[in-house]
Amino acid sequence: MITLGPYSFTTTDALRTFGNLGGLWESMMEGRSSASAAALGEALRTRLAGALDVGPNVSLVELGTTASKTLGDSPDLAALLDDVWTTLGEATSALRADGQLPVTALGRVTQLSASGGGVPKLPIASADIDYRGVVGDVQRTRVHHGRPWQALCLYADEVIDQLRAEGHPINRGSVGENITVAGLDWSQIRPGVRLRIGGVLALVQAYAEPCATNAAFFVGGDFQRMNRDRGPVSRVYATVLEPGRIVTGDEVILEPVLADAL
């Protein structure tokens, strides 16, 4: 087990984090302009290229893929993961400092959901959140789930309503989100933004890939209707920055003003 502050990664978690590195970085930077964040990414790319002993012009996508295939037994795995994890966090702060993240907006929690494994997740009135996610919630498989940057899965009432209007038999919790929210512009809820959800502070860090286990909730099994390539319709994953408790109806603050930002 690799421990980075309050976060724990199995070797598989670490390797899959590297495998997703390109996507994590690119989705965070997409459509945003920050010289300081870009410099952090370039410095990380240079360090990884040196550590992996590959050519100087290899992209973060390729480096992440190489690392995921070669670092399983390496004594450098923990240190390189720490570098990646730290840099991702620093880059979101750089984007914020450079005015690349949205202004503060307010929404609310309309449903909290959990299950003993699988979907749909069912409503619960409140949830205790630790650094691993909703206490008592279980993922049926850890192959594609369970990394610290996947601690919470969020979705929007507005997207669910849109999908239902198209005829899809989807409801809150159907596609495995832990937290369903209303009142926020979902196009703004993307990697890099922070959310204050009740007593929890979270960092949105990835889009959730559509999964065939959700096919039953889409007409013709078209679970790819949630693919981000089809608009702001994707669920998102978030890292827990500050654990706490959430109650249905709690306020959700997009980009809250924090003491470290003053």
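The legends below describe close-up views of a predicted model.

Local features are reported at pLDDT of at least 70 and side-chain atom pairs only at pLDDT 80 or more, whereas totals for chains, interfaces and linings use all residues. Residues are numbered from 1 along each chain as its sequence is written, and side-chain values use heavy atoms, with hydrogens and water left out.

View 1. Helix α3 comprises residues 35-52; helices are DSSP runs of H or I of at least four residues, strands are runs of E of at least two, and both are numbered from the N terminus. The end C-alpha atoms of α3 are 25 Å apart, which agrees with the 26 Å that its 18 residues should span at 1.5 Å a residue; the expected span is 1.5 Å times one less than the number of residues. Ala37, Gly41, Leu44, Arg45, Leu48, Ala49 and Leu52 of α3 are buried. They lie on the same side of α3, because the arc they cover around the axis is only 135 degrees; this arc is that of the directions from the helix axis to the C-beta atoms. An α-helix has 3.6 residues a turn, so residues three or four places apart point the same way. Ala35 and Gly50, on the other side of α3, are exposed. Buried denotes under 20% relative accessible area, exposed over 50%, and partly exposed the range in between, with a 1.4 Å probe and protein chains only. The buried residues of α3 pack against α1 (11-19), α2 (21-29), α4 (60-70) and α5 (77-97), contact meaning heavy atoms within 4.5 Å.

**View 2. Ala43 and the end of α3.** Ala43 lies in helix α3 and is partly exposed, at 31% relative accessibility. Its C-alpha atom is separated by 13 Å from that of Leu80, 37 residues apart along the chain. Just after α3, Asp53 takes a positive phi of about 55 degrees. Asp53 belongs to the loop between α3 and α4 and is exposed, with a relative accessible area of 70%. Most residues other than glycine have a negative phi, and most peptide bonds are trans.

View 3. Helix α5 has 21 residues and reaches 30 Å from its first C-alpha to its last, close to the expected 30 Å. Gly99, which follows α5, has a positive phi near 70 degrees. Arg96 is placed in α5 and counts as buried at 18% relative accessibility. The side chain of Arg96 reaches the backbone oxygen of Gly192 at 3.2 Å; such a polar contact is a pair of N or O atoms within 3.5 Å, where within protein one must be able to donate a hydrogen and the other to accept it, and residues adjacent in sequence count only if both atoms are side-chain atoms. Not counting residues up to four places away in sequence, Arg96 touches Leu101, Gly192, Val193, Arg194 and Glu255. Glu255 is found in the segment after β13 (251-254), and its phi is positive, near 50 degrees, in a residue other than glycine. Glu255 is buried, at 7% relative accessibility.

**View 4. Strand β10 between its partners.** Strand β10 (residues 200-207) is largely enclosed by the rest of the structure, because eight of its eight residues are buried. Strand β9 (residues 194-197) pairs with β10 in the antiparallel sense over four bridges; two strands pair if DSSP finds at least two bridges between them. Arg194 stands opposite Leu203 in β10. The hairpin of β9 and β10 has two residues between the strands, and in it Gly198 takes a positive phi near 55 degrees. Strand β11 (residues 236-242) runs antiparallel to β10 and is joined to β10 by six bridges. Tyr237 in β11 is the bridge partner of Ala206.

**View 5. The open sheet β6-β5-β12.** Three strands form this open sheet in the order β6-β5-β12, with antiparallel pairing. The edge strands, β6 (133-134) and β12 (244-247), each pair on one side only. Strand β5 (residues 126-130) is joined to β12 by four bridges, and Asp128 stands opposite Arg245 in β12.

**View 6. Cys153 and Cys211.** The structure holds zero disulfides, a disulfide being a pair of cysteine sulfur atoms within 2.5 Å. The closest cysteine sulfur to that of Cys153 is in Cys211, at 11 Å, too far for a bond. Cys153 is buried, with a relative accessible area of 4%, whereas Cys211 is partly exposed, at 25%.
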